[in-house]
Amino acid sequence: MSTSHSEAIEALLSTGGTASSLFLEGAIRHVDVGVHEHEQGSLQRVMFDIHVVVDDSRPSNDSIDQVLDYEYLVYSLDRVVAMNRPSLLETLVTRLMDEVMAPAEVQAASVSASKLDVTDDDSRLGCTLTRVK
């Protein structure tokens, strides 16, 4: 199911439950991605924003082994960037979505990727994918 991040959270909370979010924002990686000839074989700066909604299971003590360690977001990003070269940014975002949705605790996620050096100003071009389990 594809929807916006806020709609995904609203849908999850409409059942009367609670949810927590983990996130990684502003992570910049140098990625070989793009369909244009001048992009192929050239690393581009791509900024990633990842938000996941997880079960709001409260730990009985203050211990990392009782929660989903949010550092998995960094590891997921690095694994996906190391995969074979995608032509489309959408392919890269879909791969990352598959990685961050893998843990059982994750109920929904939103992944954005923005190319930082495409325009002549400070604007960004990119895409976002949101998914609910």
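Modeller: Helices here are DSSP runs of H or I with at least four residues, strands are E runs of at least two, and both are numbered from the N terminus. On that basis, the elements of the protein chain run α-β-β-α-α-β-β from the N terminus on.

Colleague: How many helices and strands is that?

Modeller: The protein chain has 3 helices and 4 strands. Keep the source in mind: this is a predicted model, where local features need pLDDT of at least 70 and side-chain atom pairs count only at pLDDT 80 or more, while totals for chains, interfaces and linings use all residues. Residues are numbered from 1 along each chain as its sequence is written, and side-chain values use heavy atoms, with hydrogens and water left out.

Colleague: Next, the sheet. What is the order of the strands?

Modeller: Strands of a sheet pair through backbone hydrogen bonds, either parallel or antiparallel. Two strands count as paired if DSSP finds at least two bridges between them. Here 4 strands form an open sheet in the order β1-β2-β3-β4, and the pairing is antiparallel. β1 (19–31) and β4 are the edge strands; each has a single partner, so one side of each has no neighbour in the sheet. From one strand to the next, the twist averages 10°. Angles run from 0 to 180 degrees between N-to-C directions, with axes as lines fitted to C-alpha atoms, for helices over the stretch in contact.

Colleague: How many bridges join β1 and β2?

Modeller: β1 and β2 pair over 11 bridges, antiparallel. His30 has Arg45 in β2 as its bridge partner, and Arg29 stands opposite Val46 in β2. On to the next pair of strands: β2 and β3 are antiparallel over 9 bridges. There, His51 stands opposite Ser110 in β3.

Colleague: Which strands does helix α2 lie across?

Modeller: Helix α2 (residues 72–81) lies across β1, β2 and β3 (106–115), and runs at about 35° to β1. α3 also packs on the sheet: it touches β1, β2, β3 and β4, and its direction makes about 30° with that of β4. Contact means heavy atoms within 4.5 Å.

Colleague: Now burial. How much of the protein chain counts as buried?

Modeller: Buried means under 20% relative accessible area, exposed over 50%, and partly exposed in between (1.4 Å probe, protein chains only). Of the 133 residues in the protein chain, 38% are buried. In β2, 10 of the 12 residues are buried, so β2 is largely enclosed by the rest of the structure.

Colleague: Take single residues. Is Val31 buried or exposed?

Modeller: Val31 is in strand β1. Its relative accessibility is 4%, so Val31 counts as buried. Leaving out residues up to four places away in sequence, Val31 touches Ser42, Leu43, Gln44, Val46, Phe48, Val81 and Leu92. Val31 and Leu89 are 58 residues apart in sequence, yet 9.9 Å apart in space, C-alpha to C-alpha.

Colleague: And which residues is Ser114 in contact with?

Modeller: Ser114 belongs to strand β3, and at 12% relative accessibility it counts as buried. Neighbours within four places in sequence aside, Ser114 is in contact with Arg45, Val46, Met47, Arg124, Leu125 and Gly126. Compare two other sites. Thr130, in strand β4, has 4% relative accessibility and counts as buried. Tyr75, in helix α2, has 46% and counts as partly exposed.

Colleague: What share of contacts joins residues at least 24 apart?

Modeller: The share is 64%, among contacts in the protein chain between residues at least 6 apart in sequence.

Colleague: Last feature. What is the volume of the largest pocket?

Modeller: On a 1 Å grid over the protein atoms alone, a pocket is an open set of points where a 1.4 Å probe fits, with protein on both sides within 12 Å along at least five of seven lines; lining residues have an atom within 4 Å of a point. Points are joined across faces, edges and corners, and volume is the space filled by probe spheres set on them. The largest pocket comes to about 320 Å³. Its lining has 19 residues, with His36, Glu39, Gln44, Lys115 and Val118 nearest its centre.

Colleague: Which element gives the most to that lining?

Modeller: β4 does, with 3 residues. β2 (44–55), α3 (89–100) and β4 (125–132) each supply at least two. By class, the lining has 8 nonpolar, 6 polar and 5 charged residues. The nonpolar class is Ala, Val, Leu, Ile, Met, Phe, Trp, Tyr, Cys and Pro; the charged class is Asp, Glu, Lys and Arg; the others, Gly among them, are polar.
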